[in-house]
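Please open the structure in a viewer and keep the selection tool at hand. The tour below moves from one selection to the next and states what is found at each stop.

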Amino acid sequence: MTDYKTAEALHHFTEIDHCSRAQLEHLIDLTMEISSDPTRFENKRKGKMLINLFYEASTRTRVSFEVAAKRLGMHVINVTATGSSVEKGETLTDTFYTIQAMGPDCIAVRHPEEGNARKLATLAEPGIHVINAGDGIAAHPTQALLDAVTLLQHVDSFEQLKLVMAGDIRHSRVARSVITLLKMLDVGEIRLAGPPAFMPGDATTDGTRVFDNLDAAIEGANAVMMLRIQKERITGLDIPGAEDYHREWGLTARRLGLTEPGCHVLHPGPINRGVEISSEVADSPQSLIRNQVKNGLYARMALLLTLTRE
Ligand code: CP
């Protein structure tokens, strides 16, 4: 069993690049270990408390934090902006102070504005751990962990990986965190593909190969991660129609045939069938989409174990 007391102490988990490589490798190793026998970790944090503070919609992240914490024996409280005193005008900071006063061990925050999880971490009392469950277009670090684990379970090493990430990269916090993590882990090759309006105009593209044609991008790839159009974060751009977008940028069975045989297909979800991915591909044996969801549970168990260790 991994000695989950060996890596340097981790107090918060707000961005991938705020962690050392050793801390990230420890989280990946522990996630792998939990995935092989989750029952060994049942009730390891009995009586501790997680509060999920979500200002945006979520299925996978919120539920998997809750299931992960409950498997560890933790109490879980869910707070959403809708239905809470946020609707009466309470600020994020005041809401955080209110929740913190109730004595949780961990607070997982999802917020539409970049940097808010990091800001709340600076306000946290000693012993309270803030987790970024997604902030605007900036970061979704637990998604990056679960994606790295899913890839590592299906390729021999990160060095052998030729990963294509395609779609709306510009508005994707998943893309930023996954790319940051894979670069830190010396991944073989990252190719980014998408319409010019969906390519990030920042350092995300550094060290990657950028394509404006999906057929060219995926030739010879051994993993492809498709991203949905993040409509809720797009302003000032025309959103392409589903049929036109699918024709040019959708991952179809024909396109999957251009990759290396057995190429793995990932998608952080939620998927939009017939837009960025066809049902035939999403439901194919090459699809790891449900493996990603399972690993999300194990990655969040690993993170909660690590943050709350004595
Ligand atoms: N991948 C992801 O963050 O999904 P949810 O928005 O459903 O949590």
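**Aromatic pairs**

How many aromatic pairs are there by the rule used here? The count is two, where rings of Phe, Tyr and Trp (its six-membered ring) pair if their centres lie within 6.5 Å, and planes under 30 degrees apart count as stacked, over 60 as edge-to-face and the rest as tilted. The model is a predicted one, in which local features need pLDDT of at least 70 and side-chain atom pairs count only at pLDDT 80 or more, while totals for chains, interfaces and linings use all residues. Residues are numbered from 1 along each chain as its sequence is written, and side-chain values use heavy atoms, with hydrogens and water left out.

A pair of aromatic rings is described by the distance of the centres and the angle of the planes. Select Phe96 and Tyr97: their ring centres are 6.5 Å apart and their planes stand at 55 degrees, so this pair is tilted. Phe96 is buried, with a relative accessible area of 0%, whereas Tyr97 is partly exposed at 39%. Here buried means under 20% relative accessible area, exposed over 50%, and partly exposed in between (1.4 Å probe, protein chains only).

Next select Phe198 and Tyr245, a tilted aromatic pair with 6.4 Å from centre to centre and 55 degrees between the planes. This pair links distant parts of the chain, 47 residues apart: Phe198 is in the loop between strand 6 (189-193) and strand 7 (209-211), and Tyr245 is in helix 8 (residues 242-249). Helices (H or I, at least four residues) and strands (E, at least two) are DSSP runs, numbered from the N terminus. Phe198 is buried, with a relative accessible area of 3%, and Tyr245 is buried as well, with 2%.

**A charge over a ring**

Now select Arg300 and Phe65. The charged end of Arg300 sits over the ring of Phe65, 5.2 Å from the ring centre; the rule asks that NZ of Lys or CZ of Arg be within 6 Å of the ring centre and within 35 degrees of the ring normal.

**Two domains**

Colour the chain by domain: domain 1 covers 16-139 + 296-307, and domain 2 covers 155-287. These bounds come from an automatic or database domain assignment. The C-alpha centres of the two domains lie 27 Å apart. Their contact (heavy atoms within 4.5 Å) takes 18 residues from domain 1 and 15 residues from domain 2.

The area buried between domain 1 and domain 2 is about 1,300 Å², of which carbon and sulfur atoms give 61%. Buried area is the accessible area (1.4 Å probe) that two parts lose on being put together, summed over both.

**The nonpolar cores**

A nonpolar core is a set of buried Ala, Val, Leu, Ile, Met, Phe, Trp, Tyr and Cys residues joined through side-chain atoms within 4.5 Å. Select Phe13, Leu50, Leu161, Met165, Leu182 and Leu304, the residues with the most contacts inside the largest nonpolar core, which has 59 residues. Helix 11 (residues 289-307) gives the most to this core, with nine residues. Domain 1 and domain 2 both give residues to this core, so it lies between them. Another core lies apart from it, with 24 residues, among them Val164, Cys263, Val275 and Ile277.

Return to Leu161 and show what surrounds it. Leaving aside neighbours within four places in sequence, Leu161 is in contact with residues including Leu151, Val155, Leu182 and Val187.

**Backbone details in the loops**

Most residues other than glycine have a negative phi, and most peptide bonds are trans. Select Asn43, which is not a glycine and yet has a positive phi of about 65 degrees. Asn43 is placed in the loop between helix 1 (21-36) and strand 1 (49-54). Asp186 likewise has a positive phi, of about 60 degrees, and lies in the loop between helix 6 (173-184) and strand 6.

As the last stop, select Gly269 and Pro270, which are joined by a cis peptide bond with omega of about -5 degrees. Pro270 is found in the loop between strand 9 (264-266) and helix 10 (279-282).
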